[in-house]
Amino acid sequence: MQTTQEIGYNTKVEGDVTVTRVDAALNWFRKNSLWPMPMGLACCAIELMAAGASRFDISRFGSEVMRFSPRQSDLMIVAGTVTYKMALAVKRIYDQMPDPKWVIAMGACASTGGMYRSYAVLQGVDNILPVDVYIAGCPPRPEALLDALIKMQGKVAKEDVFSTSNAD
Amino acid sequence: MSSVKDIEIKDAAARAAEAAAGLDATDDMHGEKMVLNMGPSHPATHGVLRLTLELDGEEIVKAVPDVGYLHRGDEKIAENMTYNQFIPYTDRLDYLAPLANNVAYALAVEKLAGIDQALPPRCQYIRVICCELARISAHLLGLGAFAMDVGAVTVFLHTFTQREYIYDLIEELTGARFTTSYTRIGGVSRDVPEGWLTKLEKFIGEVRVNIDETEKLLSRNPIFQDRTKDIGVYSAEEAIDFGMTGPNLRGSGVDFDMRKAHPYLVYDQLDFEVPIGSKGDCYDRYIVRVEEMRQSANLLEQCIREIPGGAINVDDGKFVLPKKEKVLTSMEELIHQFMLVTQGTNLPPGEVYFGAENPKGELGFYIHSKGGGTPHRLKIRAPSFVNLGILQHLLPGHMISDVVAILGSLDFVMGECDR
Amino acid sequence: MTAADKANALREKFGDLLSGPVEFRGEVALTVADVNRVAEVCEYAKKELGFDYLVDLSGVDNYGDDPRFELVYELYGYGHGCHLRLKVAVSEEACEAPSVSGVWRAADWHEREVYDMMGIRFAGHPDLRRILMWEGYPHYPLRKDFPLAGKPTEMPDVAFTNPAPLEGGPFVTNPGACSSDKREPRAKSFES
């Protein structure tokens, strides 16, 4: 029951209708149903699985389906060490994802190479992909992953839907 | 800042056209066989394993596994670090049971140092508790992932809930959920906190119920049995010849467990049985793992009852950092602290190999030392690396859907395989 | 029979080809003098002495020594429960050893890894190609003259590598006693 002033419409008269911008509506739909593509490579994948399990349920944030198919997902979570041998596969899978797509680099190894400063490890997946959110930790707790997901949702909410260049 | 590398991936149609152009020149009758790439990113390959399968319809004719997608250079890193500094890297080998890796590595270095018989009993009991807890944790996840791949998704969630309780316990003991870096050369980093053993006992009661529930969901389930019985069979001789260890070996009927044959820590004083399979198929390996979890629960109960008080580190200033009060007041401890932190433990030159019974098999460390605080060569004998060697031999003849069951039953971890 | 007895039995059969046994921390090691006969020794060890399990096969790089490389075979027998270590030196010029994958099939992947990491070829191996790095990678990473940071390589469509930013330390060290002020960075003055 509205006790403050009428804001423009009366639900009793016009029904449950909200008027908003297309941008805001589309972003709201997108951010509350970010389907992750889990690029689970190493130990962080176990924490990713734990975030998907019942205690830290990631599906309450809309990421219900952890699709292993890039064509059906919009958020790639790179969890684990990206080696040079794996780098091209990661890039190829990223390319297969349809726009709009985002990337979370989970853990120290995906962000910067972590503690593996060696000949075989790509020093950060941002060398080959545009990363939106970095998560620190080795491995980050599932709560940290959920926090990153919320930040990601905040980032998606501010997106300009009708701009033609999404990947930058 | 880091440089960005532009990688051009040609689109799928162009690549297919290129591949088809090259195919005419081969001898293969390319109308008959199909090459399927179970690529590094696949839900059922338990990590980044790539299998190139040549298929004749549904049946596999040739299988070529391709590992190394998680090769991080651990062995070369080890040559540049002191022994204690390498402990976090051992966590990330078999990242499902990090405590067991820590214990195996610490025992290997202590064998080289010659102090492995001088470990105080409390430290040994704590390490056994760590190993067995890690074993339950690893098998829970192994079975959960195996069941999920075969189709029983609920089991995964059940086992993960139990693992979360294990994580709670481990977090209270070591400070981290997993990747614990708990052991040190000469002992463990901190003592068992107050009331932890009571919580552990309570957990053991719960996990026993959960293991029974999991078994009820799977063992007599006709679908599970159809998918795993008589699949992936290899005999005891083949298992020994291919160097398999752990439940993969025992599932084929070889009665061998490092904890019984060459006991380390206090396993010779503890009472447990070793489950053995009979046929060597996926079902037997599954049953062996379930029974091993029950035996681990028994071992944990015995340890809780029998754990003595006392020191948790070897009483030798040359290996273990002395107490801070002593460091700041006494000269000898100050010098020990200085030497240990700057140069690391000074180990004698020589070579040593130590293998421990890890949940995945025999994790061995071969340390070749030329004296000093860093190893000259550290070779990690990874059970998953050796276990995967059987895939080329095992997979042909099976159907493509059996691959998933076989991979799940072999229960390997790529972090360990590729190091 | 203990491991020392097994080692002595092996020594009796092969005479001067083997030297040792050396015991350290309860383990027995024998050194094989001629790398070309190591497959023969291994086959005898498996068939006659019951060492049916090849635990590990590693390569060691003794940079600066001649012969440069060393292969270490760790054997075990389920029947008698004895460990035995066989070591054989491989020179840098030859860089080759006979394959024992006919004796134990487990050696297949072990030898591929030694080839990949050290560059030692194995004659008679069914499929000798790189296993941890990719086909075509030009270097052998575990050799001592290869830096930890790696060297830049480029194989279009396969992989690329760039050297990791070690910045001269930390954890870049010469083996042996070395104090941490040479290994780890100290507060440096800005010199950009």
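Across the interface of chain C and chain B, the rule finds 26 residue pairs in polar contact, both residues being at pLDDT 80 or more; a polar contact is a pair of N or O atoms within 3.5 Å, where within protein one atom must be able to donate a hydrogen and the other to accept it, and where residues adjacent in sequence count only if both atoms are side-chain atoms. The side of chain C that touches chain B draws at least two residues from each of β3 (53-61), β4 (69-76), β5 (83-90), α3 (107-118) and α4 (180-183) of chain C, helices (H or I, at least four residues) and strands (E, at least two) being DSSP runs numbered from the N terminus. Of these elements, β3(C) gives the most to that side, with 8 residues. By class, the side of chain C that touches chain B has 28 nonpolar, 11 polar and 19 charged residues, where Ala, Val, Leu, Ile, Met, Phe, Trp, Tyr, Cys and Pro count as nonpolar, Asp, Glu, Lys and Arg as charged, and the others, Gly among them, as polar.

The model is a predicted one, in which local features need pLDDT of at least 70 and side-chain atom pairs count only at pLDDT 80 or more, whereas totals for chains, interfaces and linings use all residues. Residues are numbered from 1 along each chain as its sequence is written, chains are lettered from A and ligands numbered from 1 in the order in which they are written, and side-chain values use heavy atoms, with hydrogens and water left out.

In total, 58 residues of chain C are in contact (heavy atoms within 4.5 Å) with 63 residues of chain B. The area buried between the two chains, that is, the accessible area (1.4 Å probe) lost on putting them together and summed over both, is about 5,000 Å², of which carbon and sulfur atoms give 52%.

The rule also finds 8 salt bridges across the interface of chain C and chain B, a salt bridge being a side-chain nitrogen of Lys or Arg within 4 Å of a carboxyl oxygen of Asp or Glu. One salt bridge joins the side chains of K111(B) and E27(C) at 2.7 Å, N to O, and both residues belong to a network of salt bridges that also links E351(B), E70(C), E74(C), R85(C) and K87(C). The side chains of D241(B) and K46(C) meet in another salt bridge, at 3.2 Å from N to O; D241(B) lies in helix α9 (residues 236-241) of chain B and K46(C) in helix α2 (residues 38-47) of chain C, so the pair joins two chains. D241(B) counts as buried at 12% relative accessibility, whereas K46(C) is partly exposed, with a relative accessible area of 24%, buried meaning under 20%, exposed over 50% and partly exposed in between (1.4 Å probe, protein chains only).

Over all chains, the count comes to 51 salt bridges. Within chain B, the side chains of R377(B) and E75(B) meet at 3.1 Å, N to O, and the pair links distant parts of the chain, with R377(B) in strand β8 (residues 377-381) and E75(B) in helix α2 (residues 74-78), 302 residues apart. R377(B) is buried, with a relative accessible area of 4%, and E75(B) likewise counts as buried, at 5%.

Chain C as a whole has 4 helices and 9 strands, and buried residues make up 53% of its 192 residues.
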